[in-house]
Amino acid sequence: MLVKEQNQSQVKTARETEKIEITLLLEAIFLQYGYDFRNYSTAHIRRRIRRHLELSGMANISAMQHRLLTDRDFFQSLLYDLSINVTEMFRDPSFFLAVRNTVVPILATHPFIKVWHAGCASGEELYSMAILLKEEGLFSHLQLYGTDFNDMILSKAKEGIISTAAIQEYTKNYQQSGGRSSFADYYTARYERAIMAPELKEKILFANHNLVIDQVFGEMQMIVCRNVLIYFSRELQNRVIRLFYDSLCRGGILCLGSKESLHFSDLQDNFTAIAEKEQIYQKNY
Amino acid sequence: MARTKSHPHYSAIVIGVSFGGLQALQTILPPLPADFPVPIMVVQHHDPQADDFLARHLDSHCSLRVKVAAEKEKATAGTIYLAPPNYHLLIEDDHTFSLSYDEKVNYARPSIDVLFESGADVYGKKLIGVILTGANSDGSKGLRCIKQCGGIAVVQEPLSATAASMPEAAIAATQVDYITPLDQIGALLRTLLDTSSKSTSTADDNCDTI
């Protein structure tokens with residue numbers, strides 16, 4: 001029993017120590033590279049850092065900290081693991097269906113449409129939006145922007161290459177999202193990879209932008225930022241909502257993830273929900 | 001700083017369940033009293049596009065409130081929180097929930113391991129982890145984590161499970177405190193939390209205590 005209790009107190013100490021190590025690691029990343037993860041969900045960051053530690057084979061987080069301070073490539077690989085790279089074509093088909101039915105008529109009233117996907121990762125949802133807006137006849141006066149803080153994932157997005165392993169699922173998503181054509185019209189498959197059609201790529205500009213530290217990106221008719229805010233503290237969420245508010249034209253559209261809402265935000269009265277279940281909001285005129 | 005009604009030994013219960021979950025949860029949760037002293041968090045594997053049927057269904061059958069956990073919501077006693085379909089559920093140091101759309105873990109999102117590991121970090125030895133019926137091995141790593149932090153591990157007796165592999169994997173992964181038939185897990189939890197009003201000793205008598 002005594003041994004067990006000793007073990008437990010050691011475990012507790014180890015966990016307390018780990019907390020300190022993580023705080024120091026995030027501080028080191030911020031001071032050396034300017035990326036600020038200090039206001040991210042602690043439980044999420046802890047998971048990611050532990051996973052990276054396991055894969056790196058290093059002894060502890062402090063050793064990782066020392067290495068990343070001097071080794072930019074090592075830092076880049078950690079950065080890749082700290083960002084959210086999970087996405088799919090037409091993820092949440094009901095969201096894209098709501099955009100088709102509810103948002104497109106509003107967008108159609110603008111002479112020129114700028115759409116910003118913030119935190120676009122490898123771009124699947126951005127390419128999905130390009131397909132949708134093309135099918136809805138808005139392509140001629142449209143510019144799409146995709147931003148992420150992670151250059152490695154951005155270059156993947158620029159290539160527009162998707163995995164053919166998931167094509168069947170993507171095709172199903174596309175159909176459920178109200179697709180008017182055949183999903184196969186939008187990519188060319190070769191071996192295990194499929195590349196998005198050039199006409200879609202031409203409509204998209206990719207850029208590095210960090211929601212945590214960067215400013216307004218431009219005046220947009222629609223901003224899409226789904227499943228990004230869930231990783232942020234309330235304080236940081238509020239900052240980002242303010243950034244979106246400032247970047248939207250009057251009557252502009254804000255799309256959040258299905259588990260994200262504006263209810264907590266001090267700016268919620270400046271938006272009107274137009275598809276509540278899908279977390280689609282319109283900035284008030 | 002005096003916190004009323006907080007339990008001296010335990011702060012939370014986490015439950016992981018997969019195939020056969022509806023029946024298992026229906027057996028365990030409805031008898032728990034409305035003044036149950038700790039929050040209960042549940043990961044039930046289901047279809048990514050499932051709606052909130054399970055929460056509504058259980059809520060109408062339980063004395064405790066049952067709801068889908070919301071991002072940044074604080075876990076409080078008197079409520080059973082279900083992980084939303086297609087999101088991992090994590091608990092933060094301040095006892096609020098975080099959701100994550102990270103990669104699937106053990107082919108599952110939500111994953112039982114993810115909830116259990118974050119719970120072990122936050123609650124340490126004041127956490128009770130429960131693994132119920134299921135046809136995979138999600139949760140066994142998380143249950144081991146709970147044990148390493150000094151918490152209590154409860155596993156449904158595999159013979160009483162619709163699918164035995166998840167309980168069996170959990171039993172193989174760590175030194176489990178209680179291996180208990182489904183119909184007695186509710187009573188065991190009440191005994192551990194001292195809320196069993198009548199037959200306090202039933203659970204202890206019938207459990208394999210390791």
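Student: Which residues of helix 1 and helix 6 of chain B meet?

Tutor: Contact here requires C-beta atoms, placed from the backbone, to lie within 7 Å. By that test, Ala24(B), Thr27(B) and Ile28(B) in helix 1 of chain B meet Leu182(B), Asp183(B), Ile185(B) and Gly186(B) in helix 6 of chain B. Helices are DSSP runs (H or I, at least four residues) and strands likewise (E, at least two), numbered from the N terminus. Keep in mind that this is a predicted model: local features need pLDDT of at least 70, side-chain atom pairs count only at pLDDT 80 or more, and totals for chains, interfaces and linings use all residues. Residues are numbered from 1 along each chain as its sequence is written, while chains are lettered from A and ligands numbered from 1 in the order in which they are written.

Student: How many residues of chain B are in contact with chain A?

Tutor: In general, the size of an interface is often given as the accessible area lost when the parts come together. Here we count residues instead: 21 of chain B are in contact with 17 of chain A. Strand 5 (88-91), strand 6 (97-100) and helix 3 (112-123) of chain B each give two or more residues to that side of chain B. Strand 6 of chain B gives the most, with 3 residues.

Student: And what does chain A contain in helices and strands?

Tutor: Chain A has 10 helices and 10 strands. Its C-alpha trace spans about 70 × 50 × 40 Å along the principal axes. Among chain A contacts between residues at least 6 apart in sequence, 77% join residues at least 24 apart.

Definitions and conventions
Contact = placed C-beta atoms within 7 Å.
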